[in-house]
Amino acid sequence: TGCGKTTLINLLMRFYEPQRGKITVDGEDIRDIPIDEYRKLFGMVLQESFLSGETVAYNIAYGAEHASREEIERAAKAAYCDFFIGNLEHGYDTVLSGSVNISQGEKQLLCIARVMLVDPPMLILDEATSNIDTMTEMRIQKAFRKIMRGRTSFIVAHRLSTILDADLILVMNKGSVIEQGTHAELMEKRGFYFDLYNSQFARSESKAD
């Protein structure tokens with residue numbers, strides 16, 4: 001908490017510009033790319049899922065307004081959320097009002113389907129899955145693995161087990177990147193990441209006791 005994750009994401013999305021240095025995409029300074037064009041390069045799935053009081057189909061197609069129903073349903077199946085959409089009273093035409101009860105995990109799956117439909121080259125994923133039942137979490141993890149194939153993905157990890165296969169892990173503390181490398185490299189350094197990783201197991205064992 002407070003280490004700088006949100007600041008880094010805000011810089012990537014150009015909610016504000018760097019005061020020093022630069023960020024490049026394929027060697028091009030992102031400030032030289034028109035901002036509307038630049039933001040279309042990203043898909044985002046955040047901890048707080050944004051859904052409007054429209055139909056399920058409308059919410060999946062948000063950002064891809066001209067998508068066909070077939071494309072919407074294909075994205076929903078790829079994101080493993082067609083199982084609960086089919087149980088809603090009006091399926092894809094169900095309006096997400098206060099009377100429609102879907103879980104936080106199901107909302108996140110809808111947002112994953114939305115990103116799959118847009119099909120951007122880069123992703124920002126906030127993998128927070130607290131207060132989500134185990135089965136839904138498994139579906140979210142499967143959807144994440146599918147959506148990350150062939151893309152550059154920035155994963156804000158709340159559980160270190162979710163980033164073990166990352167090509168590069170940036171360890172942040174007090175606003176700075178203090179370590180970087182693969183999981184194996186960071187464990188070999190026996191530094192901050194090593195202590196953080198092992199402390200998670202210590203907490204788990206303590207809860208089990």
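Are tyrosine 193 and tyrosine 197 buried or exposed? Both tyrosine 193 and tyrosine 197 are buried, where buried means under 20% relative accessible area, exposed means over 50% and partly exposed lies in between, with a 1.4 Å probe and protein chains only.

The model is predicted, so local features need pLDDT of at least 70 and side-chain atom pairs count only at pLDDT 80 or more, while totals for chains, interfaces and linings use all residues. Residues are numbered from 1 along each chain as its sequence is written, and side-chain values use heavy atoms, with hydrogens and water left out.

**Aromatic rings**

A pair of aromatic rings is described by the distance of the centres and the angle of the planes. Rings of Phe, Tyr and Trp (its six-membered ring) pair if their centres lie within 6.5 Å, and planes under 30 degrees apart count as stacked, over 60 as edge-to-face and the rest as tilted. The count by this rule is 5 aromatic pairs, and the table gives two of them.

| Pair | Centre to centre | Angle between planes | Class |
|---|---|---|---|
| Tyrosine 38 and phenylalanine 42 | 5.4 Å | 65 degrees | edge-to-face |
| Tyrosine 193 and tyrosine 197 | 6.2 Å | 15 degrees | stacked |

Tyrosine 193 and tyrosine 197 both belong to helix 9 (residues 192–208), where they are 4 residues apart, about one turn of the helix; helices (H or I, at least four residues) and strands (E, at least two) are DSSP runs, numbered from the N terminus. Tyrosine 38 and phenylalanine 42 are both buried, and Tyr38, Phe42 and Phe154 make up one aromatic cluster. Arginine 14 lies over the face of tyrosine 38, 5.9 Å from the ring centre, and the charged end of arginine 139 sits over the ring of phenylalanine 83, at 3.7 Å from its centre. A charge sits over a ring if NZ of Lys or CZ of Arg is within 6 Å of the ring centre and within 35 degrees of the ring normal.

**Strand 4 and its partners**

In strand 4 (residues 122–126), 5 of the 5 residues are buried, so the strand is largely enclosed by the rest of the structure. Met122, Ile124 and Asp126 are buried on one side, and Leu123 and Leu125 on the other. Strand 3 (residues 42–45) pairs with strand 4 in the parallel sense over 4 bridges, with isoleucine 124 as the bridge partner of methionine 44; two strands pair if DSSP finds at least two bridges between them. Strand 4 and strand 5 (residues 152–156) run parallel and are joined by 5 bridges, and methionine 122 stands opposite threonine 152.

**Cysteines**

The structure holds 0 disulfides, a disulfide being a pair of cysteine sulfur atoms within 2.5 Å. Cysteine 111 is buried, with a relative accessible area of 5%, and its sulfur is 9.7 Å from the closest cysteine sulfur, in cysteine 81, too far for a bond.
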